[in-house]
Every structure is written in C-alpha cells, then in structure tokens.
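The following exercises concern the structure shown here. Each sets a task and then works through a solution.

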Amino acid sequence: MTLLVGAPVLLPLLAGCLYAVLGWRPATAWLGAVAAAGSLAASIALAAVTAEGPRQALGGLLRADSLSAFMLIVIGAVSLLAMLASPAHLAAESAIGHAGPRAARRYGVFTQGFIAAMALAVLAASLGVLWVAVEATTILTAFLVGHRRTREATEAAWKYVVICSVGIALALLGVVLLHYAGLNTRAGLHAEAGVAAGAGLDWAVLAGNAAALDPGVTRMAVALLVLGFGAKAGLAPMNAWLPDAHGQAPAPVSALMSGVLLSVAFYAILRVKVISDAALGVGFARTLLLVAALGSLAVAAALLIAQRDYKRMLAYSSIEHMGLLALGAAIGGRLALMAVLLHILGHGLAKSVLFLSAGHINLAAGSSRIAAVRGLARRAPLLAGAFGLGLAAVLGLPPFSLFASMIGIVRAGFGSGAGAAVGWATAIALVPLLVVFAAVARHAGRMLLGSPQAAEAAEVSEVPEVLGVPGVLGVPEVPGVPEPGDRAGAVRLPRTAAVPLVAGLAAAAVLGVWTGPLRPLLETAATIAGVTP
Amino acid sequence: MSDSLYAQWLALACGAFLLAGVLVLWRRDLAAIVRLFALQGVALGAMVVVLGLRQGSVHLVAVAVGVGALRAGLLPYLMRRALDTPRPGGETAADEARETRPLVNVATSLLAAAVLALVAYAVSQPIVRLSPDPATRAVPVALTVLLVGFFVLVTRRRALSQVVGFLLIDNAITATAFLTTSGVPLVVELGVSLDVLLAVLVLQVLTTRMRAAFGGTDLDELRELHD
C-alpha cells in the first residue's frame, strides 16, 4: 500500500535522478513520459482503492483519499501530455541554439522534481507538508521560467519567486496559527484525538475537531491561508507573477504550471475550506472566495481585451478559470464541487494543449505577439486546428467538458441552496465571462484566419523597434520549416508533437459527453471537498 | 528558570529581534543591512533557547541551534556572496552596494514602522487572548517584524533589499511559530528551512543573472514585461 500511495511521487523522482545521472539524450528523452504514464496508472489504481476510504502511508505522513486520487489523475494526465511534447520541444529549441545539453539535463531534472512536488502536495496528510511541497514547486520551476536568461526571462523569474514565496509565506503564517488554534482548543483537541506528535497539523484531525477551534485565531488563519495559496493559484489580488511566468517558461512547463500547478494550489484552498466551514460556518470562506473569484474574473477580462501577446492571453484565461473555480468552491455543496473538479480536469487538458501549440506557433513565427501570427489555418492546418479547438474548449463551447462544468457551476450558483448573495455574485460573474469570450474569440480569429502577408504589414507599421529580433515578421527561423513563399510559409508539425495535442483535445471532448468510470470518483471526491456541517 | 527571569530573558531576546528588524529601515548600506539581519537571526535563536530552557526541552534547544545557524550564519553568508559577486562594469560598486533611491525615505520609514507596530498589536489580540502567557504576549513583536518585512519589500528598490524583506517575513513567521506553539512539527520545520534556503540560493543566482542582463540590481529596471 505504501508503494502504491508513494508511486506518484517516487516515479518522477526516480526519473529525475536518472536525468541527473544520464543527461537528456535520445535514449532517455521518453523517460519522463514513461514515469508520467506510470504515475497515472498508479493514480487510477489508487482511485479504485480509496473508494472505500482513505489510505495512509509512511507512518501517517501521506494520506490518499478520493480527492487526492482525483488530483493525482489530473497531475498524471497533464504531465503525460507535457512529457510527450518535451522531446520535440527540446529538439526544436536546440536546433535554434536555445538549449544545449546542460540546459536539457536541467530541464529533465527540474520538470520531474516539479511533478513529484505536486504529487507530494496532494498526498500530504499535514498542512505543513502540503505547504512545503507547494513552496518547493516555486523553487523547482524558477530556473525553468528563467531558462532563456534574457532580460524578460530574468525579470519573470524574479517576480515569480518573490511574489509566490511571499504569498505562500502568508499561508505559512496561517498554518502556524491553525496549529496554535489546534493545540489550544476548548475541548482539548489533542487529548481527544489522541494524535501522535507531529500530527497537530493533520487536516483530517483539524477538520474533525474544527468545532472546538478558537474562532478568532481560526478566522485569521483561514484568511491568510486562502490569500497565500490563492497567490500561488493565480487568484486576485496576488496574480501579477502569472502572465510573466507563463509567457517565459518553455511550452511544456507552461502547460504544467497552468494545467496543474494552479489547481494543486487551489486544492489546498479546498482542504482549508473544509476546516473553515466546520469551524466558522460556510459564510466566512465563501465571502473570501467570492471576492477572490470576482476580482480574478474582472482582472482577466480587463487585460484580455487589448492583449497583444498570445501566451499572455492564455495566462489570463487561466486566471479567469481559477476565478471560476473559486466561484464554484464559494457556492459549495456537492453538485458545485463536482463541477469544480471536472472543470479542473478539463481545464488542465485543454490548457496544456493550448500552451503546447502556442509553443509550436512561437517557434514558427519567432514571436509571441498576436500581430505576428496571421493566417495560421492556411499555413499549419493541424496546429491551427488544435489551437482553435483548444480555445473553443476553454471558452466553454460544447462538446468539451468545460461546457458541462461551467454550466454546472452557474446552475449551482443560481440554485436554491446557496442563497441570494451567491446568486447575485454568479450573475455578476457572467459579465466578465462574456467579455473574455468576445476578446479571446476576436484574437483567435485574427491569428487563425486572414492572409499570412497581412502579418508582415501589420508588424512593420505597429512596432518598428522589434525589427532587430530574429524571426519577427513571421519569417520562420527553424531549420526544416520552409521559407514563406513556398506554400505561403507552411509549418509542419513533427508527428510526436501532434500526438499530445490530439490526445488532450480528444480526452477533453470525451469527458464532455461521457464521464464513465470517473463519475463515482468525482462524486466521492466532491463529497469530501464539499462536506457541510 | 524562575518566572521573572524567564520573562526578562524572553523580553530581551524579543526586543533585540524587533530592534534589528526596525533598524533595517534605518540603514541604507546593504552590507550593514545584512549584518542587522544576522543579528536578528541570533536574537531569534536566543529566543528559542530561552523557550527551550524554560520547558527543560533539550530537543527545543537543539532546534534553536539549527535555527540560529541557518538564520545568523548560512543565509547572511549567502547574501554577502550575492553582494560581493564581481560585476561586469556598468554601475560603480559603491552605487550598487547602497539603497540609493528608496520609494520612502528613512525618516518616514521609521514612522511607518511605528504605525505598523500599532497595527500588529491590534491584529494580534485574538492570538494573545487564546492563551495569555509571556511567550504569546510577545507575538505582536513578531507580527511587527512581519509588517516591516512587507514594507521593505515594497519600498526598497535593490534586489538584495527585497531578499532581506522576504527573509524578515520568514523570521517573523518562525518567531510566531515558536512563541505560540514551541514550533511546528520537526518535519515541517526542516522542510520550511530547506525551502527558505533554496529560495535564497535561487534569488542569489537570479541576482547574478540580473547583473549580467540589466547591468545592475535596480528593480526599477525590471519593466520589460507589462500589458
């Protein structure tokens, strides 16, 4: 049992060690994908095992219940997509001289460590260990964000580490205060639960005895925890790092960060919310989450309207979706939480496909400016199709699962159980959602349709100062990609790069019409996350 | 250890802790700021030793030595190295080693620290009320340092000042943990220390890269990315 619970952490850790020893070479390039597939299989097995109840490992340090198992499946699925795309990405990067063997080795080590830290975060039984794992993800991805060493990359990495570390430090203060409240309960939590030393931060124990926690201290702790983990989840007000980091990281890392890292931080908020609801009633966490949700949606909508960079566009779309998740969690109850969890999975799949295809577009166009990409549908039909369908998915169009989950969240918000304030908040949230829809659809139309030549004219007239940057004007710099002129600059996608794009979209579409065996897992996980006293 | 002696030693350690934090606002010389930070680490270690002696816990005294070694020894050493890294031309060394243009001047900063102390006392009332003893009564001191750390973070414009701001926040949280509950569980404490150490290492490397890319560590230069 210990092995099964530990496998999602151990497999990537092992792969990371192998990368450290052997380096990134043709023989080891697929190691990450193998580890991710193994983790995914172990997570599915774990989901089956935990259906009857939570399982412990390592002397109570790790605990897996249905919610952890579901999050592990999301991590496994998204990291599988990212790792399948990594060999082609690194090959293209090294072809244009951006990544040498040392950089590739570092990429292998850090991505695997990153995945292992995320798996540890959702398996941790103690809020303290959860905190340590989430902070570890910041450290492990810092060099991946700054791998290009340009001014932009260094700035993005600096902001990322400082804002996330400080934000998450607030969460640590929350952990400390919750520990204090747990040790000084009215009913004597420790004696009652008979917990061993070191279990004072176990979230199951805290949630079980939450009624005895001091309300004053718990209120401070919950507010700090939601603010701190919210910073890492990209929720307003501490989301300034997100577009910079997502824009600068390599495409597969952006996919991992947007697809799962944000959701893992959000998972921490879900765990805190269970404790908060039991200790303070549902109102307190709901108010915090509603403010964060509406703030994030407003920020995303405002900055998407005039967005000029398509990677940043995707990043702001992630902020929007985190806002939606926060809205769903604020609504609470089993139905809303089921929609939230399905949304996490659907968003993870669709957004990784988007970031991966954005990486290919960036390589072909040499710039991440929307104006530099025109007529993609004619030059690269497969890539444009993946990008367009991915955008359709994150905008909530059927048949993708995000359609079902967005409808689910909104319906739960207008449902009778949640109260009038939540209904109003849901209604207000629809406004930024519509703005986002219109803005993203307009940008997508420009990038995918239109004639390729228009890009050059637009680029020259709009930004004369970037003329020195190689590859701008939509002229491909990648060897193997033909010059514009023969077939208007067609871009060929390597076959290994196409597989994760198609697979991710197919999975998101299938989930939209048929959740199948995932449904009972979603139900039990939502019951755990949405438990109301 | 008698009650009054314990209270006095604890107050002394907490006073030194607070003073070192506030004086960071006063000095502009980055090397002096690092020395003040090391002094604060010593005060934090002393605070935990006093708590350990009071409870007769060898374990806590051992943890105190570890905390002190990290925060008064290793972290200041790393920051000194970030400060001493030879720079490729550009700004003069004297200019680089000082906080030349803080957003808020020194006098106003010290006044702000006083206001922050008041806020910290107001905010920490529920914490003190839950279990009033000499140690928890000192929590407002830790929270003051936390707010001062935030203040340093947003008003100082050198990369190293921001690192110090972050570490002041972290020191304050560690102090809060020891004052309220004699520390978080050991696994968590070890993980937190490791994370902080690695975060500082990462920031040190990024500082070096920032010098290479921007020719200095003035954070106002960081404006490539915006919408």
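This is a predicted model: local features need pLDDT of at least 70, side-chain atom pairs count only at pLDDT 80 or more; totals for chains, interfaces and linings use all residues.

Residues are numbered from 1 along each chain as its sequence is written, and chains are lettered from A and ligands numbered from 1 in the order in which they are written.

**Exercise 1.** Compare the span of helix H18 of chain A with the expected span.

*Solution.* Helices (H or I, at least four residues) and strands (E, at least two) are DSSP runs, numbered from the N terminus. H18 of chain A covers residues 420–448, which is 29 residues. The expected span is 1.5 Å times one less than the number of residues, here 42 Å. From first to last C-alpha the helix reaches 42 Å, close to that expectation. Just after H18(A), A:Gly450 has a positive phi of about 80°.

**Exercise 2.** Describe the packing of H14 and H21 of chain A.

*Solution.* Axes are lines fitted to C-alpha atoms, for helices over the stretch in contact, and angles run from 0 to 180 degrees between N-to-C directions. H14 (residues 334–365) and H21 (residues 518–529) of chain A pack at about 115°, their axes 8 Å apart. Contact requires C-beta atoms, placed from the backbone, within 7 Å. Among the contacting residues are A:Leu337 and A:Leu341 of H14(A) and A:Leu522 and A:Ala526 of H21(A).

**Exercise 3.** How many residues does each chain give to the contact between chains A and B?

*Solution.* Chain B gives 36 residues and chain A gives 42. On the side of chain B that touches chain A, helices H6 (125–130), H9 (159–181) and H10 (186–214) of chain B each supply at least two residues. The largest share, 15 residues, comes from H10(B).

**Exercise 4.** Locate the cis peptide bond between A:Ala236 and A:Pro237, and the positive phi of A:Arg149.

*Solution.* The bond joining A:Ala236 and A:Pro237 is cis, with omega about 5°. A:Pro237 is in the loop between H9 (215–232) and H10 (241–248) of chain A. A:Arg149, which is not a glycine, has phi near 65° and is found in the loop between H5 (127–145) and H6 (151–183) of chain A. A residue is buried if 20 or more other C-beta atoms, placed from the backbone, lie within 10 Å of its own, exposed if 12 or fewer, and partly exposed in between. A:Arg149 is partly exposed because 15 other C-beta atoms lie within 10 Å.

Terms used: Two residues are in contact if their C-beta atoms, placed from the backbone, lie within 7 Å.
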